[in-house]
Structure formats: structure tokens, C-alpha cells
Amino acid sequence: MKQTQTEIRLAGSGGQGLITAGIILAEAAILDNKNVVQSQSYGPEARGGASRAEIIIADGPIYFPKATWVDILLAMSQKASDQYSFDLKAGGIFIVDTTYVNQIPTSSALAIPISSRTREKFGKELFSNIVALGVICETTKVVSIQALQAAVSARVPDGTEKLNKEALAFGRKLAKEAIKKNNGLEAEVIEADS
Amino acid sequence: MSKKTSYQLMQGNEAVAEGALAAGVSFFAGYPITPSTEIAEILSDRLPETGGKFIQMEDEIGSIAAIIGASIGGRKTLTATSGPGFSLMQENLGFACLTEIPLVIVNVMRVGPSTGLPTSPSQGDVMQARWGTHGDHPIIVLTPSSVEEAFHYTIKAVNFSEKYRNPVIVLMDEVIGHMRARVNLPPRSMVERVNRVQPNMPPEWYLPYERSATGVAPMASFGDGYRYHITGLVHDAKGFPTTNPSEARDNIRGLFSKIERGFREICLVDYELMEDAEHAIIAYGCMVLSARSALEQLRKSGIKVGLIKLGTLWPFPRFAIEHYLPQLKTILVPELNMGQIYREVLRVNAGKAVIEKLNRVNGTIIAPDEIVKTVKGMVR
């Protein structure tokens, strides 16, 4: 409806850190001096089960706190991809983590094995959510990288700031590779051990 | 203008906890339950920092019993729960109503009945908040519809409970409880705090239930030297049981009259685009958010519709509707229940305007488009 409003949905399974990622993205938007609302939906389980975080970023007031037609969709499970790809606006950006999404419903999706590449680089998938934020920031510019870096540092546990900063940079690198590949350029997959 | 850094991202439940602290609450007893748990979690951290007390009780019956005790001891008290816990609190809630003990219960509603849908939004406890405990009793129920309001209404709830010596319910839905928004909260020094009136006569002259000119009796704290009796039986001015019909009448009617005196102050209502409205949406809690978005779309298509936002549900702010009835053709009441406030609107309307309801009980919120569609259908 309004051009100044961006609706974002991060969807996957409980335990992937998507609600934390949503909070960080919302805090980054505040640092960018934008208006923001973040909401979430999850099942009764602590891990497993569907989990979803939504963030609306706008220059003006935000009335309805839930995303209806999303501009940016991140799917980190097959179920999330199946369920939410229909909610994407025409021209919206769809990012799928191919570690968990085997059947991608559209060729226009940005397909990146976020979790498996994170595991290769950091030895665990713990940082996948922050890597995903790096991907989102690089592909959509919905928040500034300075704000996102500050928001990540402020929210993550003490002592992990450096690793999380690396995770953010790694996400941006993955996004650049994928965009290159999507544009039909001969993008060879760059190994993750930089 | 340049102080953009004073904005912060805050969750509705977090705002309730901040509001409780700002209002001077220094005692919390509760039992964690989704979707209210963050309130207990935050206060378990913050209350001890400032000399307050936090107790996790064995259940919700114990929780309300503990805050009743703390309130009699002079503390401002609060507990937080959801439907199943609120059900368990009903017996002692009635005790607090009859014995006129200030306390605040925050009920972050989830879908019921019973265990229901623990993580999904609902507004199904509106009537329970009014009539959940047995017997005729007054109750104050406030319902915030934004994160900032969650902060301010919690403060108002504490203040009303102190001023009127009555339990106050903050009835919140999961959407408001769990959503995070950019807020700018006032400094503590700007927050109004109301304290219960204490007796100033010698202890031997004190009659604990003798109402002053305000309709409210001064309340002595246990331990301050005023020895008096508190009972869940109907009682006289001394606080002792009575079966005398005129004393019983004074006791029960007195409960109502103190709230009736404060009716206008207690009723928090906001009006948006109502001046020229021919149609109105009456909403509260998260439905206000859907309604505002719908309002914008409907106004663009030339329909003169406005919003009556109920911040107080009980006592029901009937004047808010009565004032606009002469100019209204239709009223829509969207709710995440089967139509609990709709019935109140029908009662106040008394056949004047066309009233319709829009209901949802499946754990999802009513989207703005559905309100737009319904209003367009009514207007046609």
C-alpha cells in the first residue's frame, strides 16, 4: 500500500534463532531512525515446531503489526517455504536456506545453503541466524550495515561479538555470490575457508 | 528532536514490567505461564535490585494469596498470568473485592477454554474478568492496545487499585504482550504515583471499613499498630462478620458506589475520526491495530467511519457510545472472541444503530482487509 513500509518475515523452525534475528533487525531499524514493529508466532515447543518472526519497518506510523503481503521472506525450513511463498509481493525478495529447503517453489528465489555453509565455516549452525541477517542486509539494504553491526553487538552474549561480526560478513559474502550466480554470471562457488 | 537515542525496542510484556516498577510495585508473586511469562521473568530480575520481592509460588491460587498478604502489609503488588491461571485466581479475587485490598492482576489472554492454544492470541476472557468470581462485585478492567499503553495502563491500574482500594485487571492479548515496538517512555520522575489513604487517627479509634467522604475507607498496613479484622464474610465497619440486612447492604453497595464515583476517571476511551463519522468501529486491544489500518483504507474510499477505542472495558464506558449514537448508522465490533463486548454495545445501543460483529476464535488475528470488507458490506 505505502511505498515507505517494508514487511519482512523470517520463518523456519524453533531453535534456529529467527526471533532473535527479528529483534536484532528491529533494533537496527531503530538505530537507522525508522519506525518499527516486530511480532512473532511460535508453537508450544522450545525447539522444533514452526517459528516465525515478522518485522515491519516504515518511515511513518505502523498500524497493523503483522505482515500480510511480505516484501522480504526468509525460509529456513521446507514447511516455511511451502506455507509462505504465496504471501510474497510481486517483486518481493525470497531467500531460501537450501540446507533445509529442497523444493524451491520459484526460480526467482535466492537459494543459499545458509546453515550448511555456516556449519562449514564456524563448526556449528549456531550463527546461521546472524549469517542470514548478513544475507538479508546485502540483498535488500533494508537496514544499514552500520546499524545492523551495532544491533548485533548489542544483543549477542558478551565475548561472542567478534564471531558474530564475522558471521554477518560471511552472510554478505554468501549473498554476493548468490546474486552473481542468479544474474547468470559464471559464478564459481567460492570455498568458505577464507 | 535530536534525542533519537531515547527510543528503544520494547515488548508489551516488558512494558508491563517497566510500568509496574515505575508505579512503585515492590512485590510480585506469580507462576509463569505463556504468554505472560516475560513479565515474571523480568520482575524476578529487576525487583530485587530495588529492594522489592519476587516469589515464584506453587500455583496461581498461592500467587494471588501472596499478593493479597503483601498488599495488606502495605506493598503495591502485582501478579501476571493467563487464562488457566486467571481461572484459579477467581476465588481469592472475590476475597480481595469484598475486603477491598488493592492489587493488580495482568491477564495476557490466550485461546481458551481450558489449556486452549497457549501461544495464540484471543480476547476470550472479557466476561471472565467482569464476572469470573461469584457474587455482585465491582471490578476495573483496563486493556492496552499498544506497547506504550501497556506501560501507561499498568501504572494507571496500580494507581486505580490504590485510590479505590479495589483489584484492577490489566487484560492484554498475546499480540500486544509479545509484539515489540519503538517506544519512548517518560522518566520515572514524570510518572504519577497514587498511594492508598492511610488512617491518621489513633489506632483505638480506627474503623477499617468506615468510608470517608470519598467513598473509600483509609487502609492501615498490618504491622503499623492498627489491629483489625479482615474476613471474606460480609462485614460491618469494624471488619467483623454481620448478617444485619442494613449493614450487609452498606457493605455491598459501598463497593459499587466508590467505583461509580470514579466512573469518568476510570473510563479510558479514545476517539479517532469520530467528528463526522456515520459509521463506527468499536475496538480494544490488538483489534485497534487492525481497525486503524482499515480506517485509513475506508476513509480513502470515501466512507465516513471512525474508531471508538476502549481502554477500559469494565466498568463499561457506555457514554462513549451513547454520545455518538445520534450520528451513527452502523457500528462494527471486531473481537477475538464470540462477541463479548458486542453484547454490551447492543445493550447500550438499544436498537438505534445497526450493530454487527466480526469474530475470530482460531488463534489468528482479524486482518484489516476483513474489517474493510465487512464495513463496506454494512454501508451498502
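This is a predicted model: local features need pLDDT of at least 70, side-chain atom pairs count only at pLDDT 80 or more; totals for chains, interfaces and linings use all residues.
Residues are numbered from 1 along each chain as its sequence is written, while chains are lettered from A and ligands numbered from 1 in the order in which they are written.

**Chain A.** The C-alpha trace spans about 45 × 40 × 35 Å along its principal axes. Chain A holds six helices and six strands. Helices (H or I, at least four residues) and strands (E, at least two) are DSSP runs, numbered from the N terminus. Their order from the N terminus is β-α-β-β-β-α-β-β-α-α-α-α. Buried residues make up 47% of the chain; buried here means 20 or more other C-beta atoms within 10 Å of the residue's own, with C-beta atoms placed from the backbone. Among contacts with a separation of 6 or more, 59% join residues 24 or more positions apart. Two residues are in contact if their C-beta atoms, placed from the backbone, lie within 7 Å.

**A helix pair.** Helix H5 (residues 145-155) and helix H6 (residues 161-182) of chain A pack at about 145 degrees, with axes 9 Å apart. Axes are lines fitted to C-alpha atoms, for helices over the stretch in contact, and angles run from 0 to 180 degrees between N-to-C directions. H5(A) contributes A:Leu148, A:Gln149, A:Val152 and A:Ser153; H6(A) contributes A:Glu161, A:Asn164, A:Lys165 and A:Leu168.

**Between the chains.** The contact takes 19 residues from chain A and 19 residues from chain B. On the side of chain A, helix H1 (18-31) and strand S2 (35-42) each give two or more residues. S2(A) has the largest share, seven residues.

**Chain B.** The domain assignment, automatic or from a database, gives three domains.

| Domain of chain B | Residues |
|---|---|
| domain 1 | 4-190 |
| domain 2 | 203-264 |
| domain 3 | 270-379 |

The centres of domain 1 and domain 2 of chain B, taken over C-alpha atoms, are 25 Å apart. Here 15 residues of domain 1 of chain B are in contact with 14 residues of domain 2 of chain B. Helix H4 (residues 83-99) of chain B gives the most to the domain 1 side, with four residues.

Methods
A residue is buried if 20 or more other C-beta atoms lie within 10 Å of its own, exposed if 12 or fewer, and partly exposed in between; C-beta atoms are placed from the backbone.
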